[in-house]
Amino acid sequence: MQRKISRRALVKGGLIAGALIPTMGLMAGSAAAAGLAPLDPKDPTAAALGFVADGKNVDAAANPTFKPTQKCSTCAQYQGKAGDASAGCNIFAGKSVPAGGWCKVWAQKPAA
Ligand code: SF4
């Protein structure tokens with residue numbers, strides 16, 4: 001027995017799949033960030049890069065170019081989206097960093 005699939009059914013299925021796939025990607029990203037262990041400031045690489053979990057604790061004398069607007073949440077390496085309390089970082093694979101953190105690698109996130 002052969003079953004015919006109408007063009008309408010194909011288009012409808014394609015539209016639904018097209019709408020769901022980006023949503024699934026966002027959910028997977030959030031789930032992945034939620035499962036990451038927080039980066040320890042005492043981690044040798046983190047310490048070498050001056051990482052602090054709270055930008056208020058940046059050593060201004062050792063980092064004269066630091067500005068209070070520089071936070072993980074505004075960094076190009078931050079994998080989170082606006083409003084996320086923490087997220088992954090491209091520099092510290094497998095770890096999460098808080099939105100208000102900072103390190104010497106900070107670079108302005110490009111405008112969306
Ligand atoms: S590279 Fe950017 S997002 Fe990662 S810890 Fe440093 S400032 Fe935060």
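Predicted model: local features only at pLDDT ≥ 70, side-chain atom pairs only at ≥ 80, totals over all residues.
Biologist: How many charged, polar and nonpolar residues are in the shell around the ligand?
Modeller: Numbering starts from 1 along each chain as its sequence is written. Ala, Val, Leu, Ile, Met, Phe, Trp, Tyr, Cys and Pro count as nonpolar, Asp, Glu, Lys and Arg as charged, and the others, Gly among them, as polar. By class, the shell has no charged, 2 polar and 11 nonpolar residues.

Biologist: Which residues come nearest to the ligand?
Modeller: A residue is near a molecule or strand if its C-beta atom, placed from the backbone, lies within 6 Å of it. There are 13 residues around the ligand. The nearest are C72, C75, Q77, C89 and C103.

Biologist: Take C75. Is C75 buried or exposed?
Modeller: C75 sits in the loop between α2 (44–48) and β2. The cut-offs use C-beta atoms placed from the backbone: 20 or more others within 10 Å is buried, 12 or fewer is exposed, and in between is partly exposed. C75 has 23 other C-beta atoms within 10 Å, so C75 is buried.

Biologist: Which residues does C75 touch, not counting those up to four places away in sequence?
Modeller: Two residues are in contact if their C-beta atoms, placed from the backbone, lie within 7 Å. K109 is 34 residues from C75 in sequence, yet 4.7 Å away in space, C-alpha to C-alpha. Beyond four places in sequence, C75 touches W106, A107 and K109.

Biologist: Now C89. Where does C89 lie, and which residues does C89 touch?
Modeller: C89 lies in the loop between β2 and β3. C89 counts as buried because 24 C-beta neighbours are inside 10 Å. Leaving out residues up to four places away in sequence, C89 touches C72, Q77, Y78, Q79, K95 and V97.

Biologist: What separates the C-alpha atoms of C89 and C75?
Modeller: C89 and C75 are 14 residues apart along the chain. Their C-alpha atoms are separated by 9.2 Å.

Biologist: In what order do the strands of the sheet stand?
Modeller: Helices (H or I, at least four residues) and strands (E, at least two) are DSSP runs, numbered from the N terminus. Two strands pair if DSSP finds at least two bridges between them. The sheet is open, with mixed pairing, and its 3 strands stand in the order β1-β3-β2.

Biologist: Why is one side of β1 and of β2 left without a neighbour in the sheet?
Modeller: β1 (37–38) and β2 (86–88) stand at the edges.

Biologist: Which residues of β3 stand opposite A37 and P38?
Modeller: β1 and β3 (residues 95–98) pair in the parallel sense over 2 bridges. A37 stands opposite K95. The bridge partner of P38 is S96.

Biologist: What phi does G94 have in the hairpin turn?
Modeller: β2 and β3 run antiparallel and are joined by 3 bridges. In one of them, A87 has V97 as its partner. The hairpin leaves 6 residues between the two strands, and G94 in the turn has a positive phi of about 85°.

Biologist: Is T45 buried or exposed?
Modeller: T45 lies in helix α2. F92 is 47 residues away along the chain, with 8.4 Å between the C-alpha atoms. T45 has 12 other C-beta atoms within 10 Å, so T45 is exposed.

Biologist: What pattern does the protein follow along the sequence?
Modeller: The protein has 2 helices and 3 strands. Of its 112 residues, 20% count as buried. Read along the sequence, the pattern is α-β-α-β-β.
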